[in-house]
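Here is a quick tour of the model, one topic at a time. Keep the structure open while you read.

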2 protein chains.
Amino acid sequence: MTTDALLTRLRAALGDGGVHVDPDITAGYRRDMMPLAPFGDPLAVVFPESTGQVQEVVRACAEHGVPIVPRGAGSGLSGAANAVDGCVVLVTTRMNRIVEIDADNRLAVVEPGVVNLDLRGAVEEHGLFYPPDPSSYDWCTIGGNLATNAGGLCCVKYGVTTDSVLGLDVVLADGELLRTGRRTVKGVAGYDLTKLFVGSEGTLGVITRATVALRPLPQAPGTVVAAFGTTAAAGTAVSRIVREGVVPSLMEIMDSVSIAAVEAHLKTELGAGGGCAALLLCQSDSGGEAARAELAKIEQICLDAGAELAHTTFDIAEGQLLLTARRAVLMALEVYGAWLTDDVCVPRTRITELIDACERISAEVGLRVAVVGHAGDGNMHPTIVYDPASEDEFTRARRAFADILDAGLALGGTVTGEHGVGKVKREWLAREIGPVGLRTHRAIKAALDPGNLFNLGSMFDPDPA
Amino acid sequence: MTTDALLTRLRAALGDGGVHVDPDITAGYRRDMMPLAPFGDPLAVVFPESTGQVQEVVRACAEHGVPIVPRGAGSGLSGAANAVDGCVVLVTTRMNRIVEIDADNRLAVVEPGVVNLDLRGAVEEHGLFYPPDPSSYDWCTIGGNLATNAGGLCCVKYGVTTDSVLGLDVVLADGELLRTGRRTVKGVAGYDLTKLFVGSEGTLGVITRATVALRPLPQAPGTVVAAFGTTAAAGTAVSRIVREGVVPSLMEIMDSVSIAAVEAHLKTELGAGGGCAALLLCQSDSGGEAARAELAKIEQICLDAGAELAHTTFDIAEGQLLLTARRAVLMALEVYGAWLTDDVCVPRTRITELIDACERISAEVGLRVAVVGHAGDGNMHPTIVYDPASEDEFTRARRAFADILDAGLALGGTVTGEHGVGKVKREWLAREIGPVGLRTHRAIKAALDPGNLFNLGSMFDPDPA
């Protein structure tokens, strides 16, 4: 039987410990953290430990016509790593070596299974900084970060994952190894294949190594927290900070629903007082006089915009606590039910309108919607809370999820700022990029993966009816 | 006759004033600034004034099987805009409107024919900054900057063109209009087509509009100039500045040949004294205490590395003068003959080795080679001076050009840091990216431009033997 032949070949290449078919094990690799995306049952889950083994898996699956779904830690929020029936899930977590840290040239070479936090820690010992910091940074892998072009809280000053990548090793659909990019800071030899693969969500190849650019480790940050009586006032503050040319190292917003949830969860006051509609959290890591000047300017802008309270601190612990509160929103919401987090990015001037739209949608569907987000980028994560045991609430949550995307598009935004399209926003991608955009995507997919080996069903349907 | 039919159609679409066939006129559009690249005689040179007119040109040429070479100002240094025999050169200089400056969202929408300096000036009035600053910034166009992913002096702090682009309008080979990217700061909906077209040298489509991200206008810069007795000492200083985590807004190096040429040309002393092997020019635009701290650190590192002289100034005019001297190198070399400027980028720790290799190559070919470059990025422009009337000198110049690329590759570098591959480094691209890389390039080209309509002969041969 052909399946047996494939498994035999995979075991020969990876060893018995590298190939799992026991449903008790494979069930854990069927899906990521996005509850709305479809998923199937994999034929096998494999754990290659080298580029050579990835090539073996790719060649074997290609010959047997078995699709491959690449996967990192499974922290994704778009279903991009969700299995399809009968696929091989290729998990990169055992390829977790930091191959090299070249401090003099400020770069590192890593395998895809390295956990984001581990890379951050390793380079910090050299006084260096790897900026991308998605919320799951303590367990997500660099491979997943590359596949989704992950963002995080740092982006307002330091950009997203693609801005930190110099080159990649990618196993293509024919099993050949493609090397993109270079070890130099600049380079324009050929098409920018590196940035084509970053964010391609595992649909074009399997990344087996990355050369990433590092920055000097920033100074310990100072923090401003400001509480606003209306979302409009908070939105005005964000726009003015951008307009005034202040570039904080972090600028996060939390709405009243998020604030209340976190205060209950952490049993602490965020200093927002009662009736606070929005909290703005800004940091500067510029150090010294520069940081003081930036934060003073931000505090003043917040007060001018109508903040009821604004407070600046250079106390590291206090700043950390405020950041912990921001990062705790999703967990805090779990008291009320399951959460479904959305991801839209709008022009920075239109954050208020998005928050207001979420409030309206919340009322319409009768579900709690908490809005948190990276205000400095306009990248918001409205999060819908629902009872997972109620089919009706789940249906309403889905509706809210879609309505929020509608609102984002109507405000001139995009349907995904950093989580990706995956298997949950395919129709939305088509709407956003239009028929010519979709045709161009299909042409590139057909050029690089003509047999549709990689991550079928993610992003878009490669073969239109 | 089919040519007449095409010209008739082009004139109908663009008007008589938009289509030129007079050889006296078309001759000026045969080539860019790279003397080594081949060029041919165009059938016609056309000047569309709108995206719709570009679409008309593309459809007409596609139907008649006549290749198109897109072209901006012609300031390129790789022959990417050089005509091929019988082609239509599509010049974008009449599409030169700054469509929109959205200061609140820090972005601008521009047509490809806008001159870099004009965009810089227009956004500066809003307190904003468009960073990419290739040496030809006072006459090159944004379209050309996008096509080559142009760099400049700013890159060490602000990155290259691709880092400032949010979205593009591109006319594809079938005449359809593709919109890539978005107006938001972040976004991961689909493949990063924007960054695929940036740097594709006109081989995949014609960019007719770009949305670019702007930054806050930096502070007036302070400047450090340091003179070194050996290139090794200068190289050590560069490495240490990078290693210490100082990020200047500019870090340029000039070797002794460049210094002598500029001093003669400007009839001024650069403060380098006699026997100076290298001059390092650094700026900080961080303002206030931050700039003072950065420049003090740089000055101290230079002195520790063995600089014979280091001088810091916050005088704007003096800083400007030093920058003018750096920018004058190519013009200064014209006293000695024609120049041929190369473009290699090496890891920042290996600049000294590259300069030394250039000195060796200069001796071997018996021609003057001046090395200037963006030291902070490792992106060097060794410039060979030769007598254009001497076939022998031209041959030796070509050899030096190639030997410098060899040296760059051997040092772990790339054959082009910012000028591009064009029609002069095709063989070098193939060497650098290897057969799998080349195959991948061809697959993408075939997917987006199956009829090889755009810029045939640039970058790589799309149809291998």
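In which order do the strands of the open sheet of five strands in chain B run?

## The five-stranded sheet in chain B

The order is 5-6-10-8-9, and the pairing is antiparallel. Bear in mind that we're looking at a predicted model here. At the edges sit strand 5 (98-102) and strand 9 (177-181) of chain B; each has a single partner strand, so one side of each is left without a neighbour in the sheet. Going from one strand to the next, the twist averages 10 degrees.

Further in, strand 8 (residues 165-171) and strand 10 (residues 206-213) of chain B pair up in the antiparallel sense, with six bridges between them. If you want a spot to check, take B:Val165: its bridge partner in strand 10 of chain B is B:Val212.

## A hairpin in chain A

Over in chain A, strand 8 (residues 165-171) and strand 9 are antiparallel partners, joined over five bridges. A:Gly167 has A:Gly181 of strand 9 as its bridge partner. The hairpin these two strands make has five residues between the strands, and A:Gly175 takes a positive phi there, near 85 degrees.

## The four-stranded sheet in chain A

Chain A also has an open sheet of four strands, this one with mixed pairing and the order 1-2-4-3. Strand 1 (19-20) and strand 3 (68-71) of chain A are the edge strands, each pairing on one side only. Strand 3 runs parallel to strand 4 (residues 88-91) of chain A, and four bridges hold the pairing. Within it, A:Arg71 stands opposite A:Val91 of strand 4.

What packs on this sheet? Helix 3 (residues 51-64) of chain A does, touching strand 2 (44-46), strand 3 and strand 4. The direction of helix 3 makes about 170 degrees with that of strand 4 of chain A.

## Where the chains meet

Now for the contact between the two chains, which takes 77 residues from chain A and 77 residues from chain B. In chain A, the residues that lose the most area to chain B are A:Lys186, A:Val188 and A:Tyr191, together 16% of what that side buries. The area buried between chain A and chain B comes to about 6000 Å², with carbon and sulfur atoms giving 61% of it.

On the polar side of things, the interface has eight salt bridges and 20 residue pairs in polar contact. On the chain A side, the elements that give two or more residues are strand 9 (177-181), helix 7 (193-197), helix 8 (231-243), helix 10 (288-304) and helix 15 (426-448). Helix 15 of chain A gives the largest share, 13 residues. Sorted by class, the side of chain A that touches chain B has 32 nonpolar, 27 polar and 18 charged residues.

## Salt bridges, across and within

One salt bridge to look up joins A:Glu432 to B:Arg182, where the closest N and O atoms are 3.9 Å apart. Over all chains, the structure holds 44 salt bridges.

Another one stays inside chain A: A:Asp41 with A:Arg30, the closest N and O atoms being 3.4 Å apart. Both A:Asp41 and A:Arg30 lie in the loop between helix 2 (23-26) and strand 2 of chain A, 11 residues apart.

Terms used
Residues numbered from 1 in each chain as written. Chains lettered and ligands numbered in written order. Predicted model: local features only at pLDDT ≥ 70, side-chain atom pairs only at ≥ 80, totals over all residues. Heavy atoms only, no water. Contact = heavy atoms within 4.5 Å. Buried area = accessible area lost by both parts, 1.4 Å probe. Salt bridge = Lys/Arg side-chain N within 4 Å of Asp/Glu carboxyl O. Polar contact = N/O pair within 3.5 Å; in protein donor to acceptor, adjacent residues only side chain to side chain. Nonpolar A, V, L, I, M, F, W, Y, C, P; charged D, E, K, R; others polar. Pairing = 2+ DSSP bridges. Axes fitted to C-alpha atoms, helices over the stretch in contact; angles between N-to-C directions.
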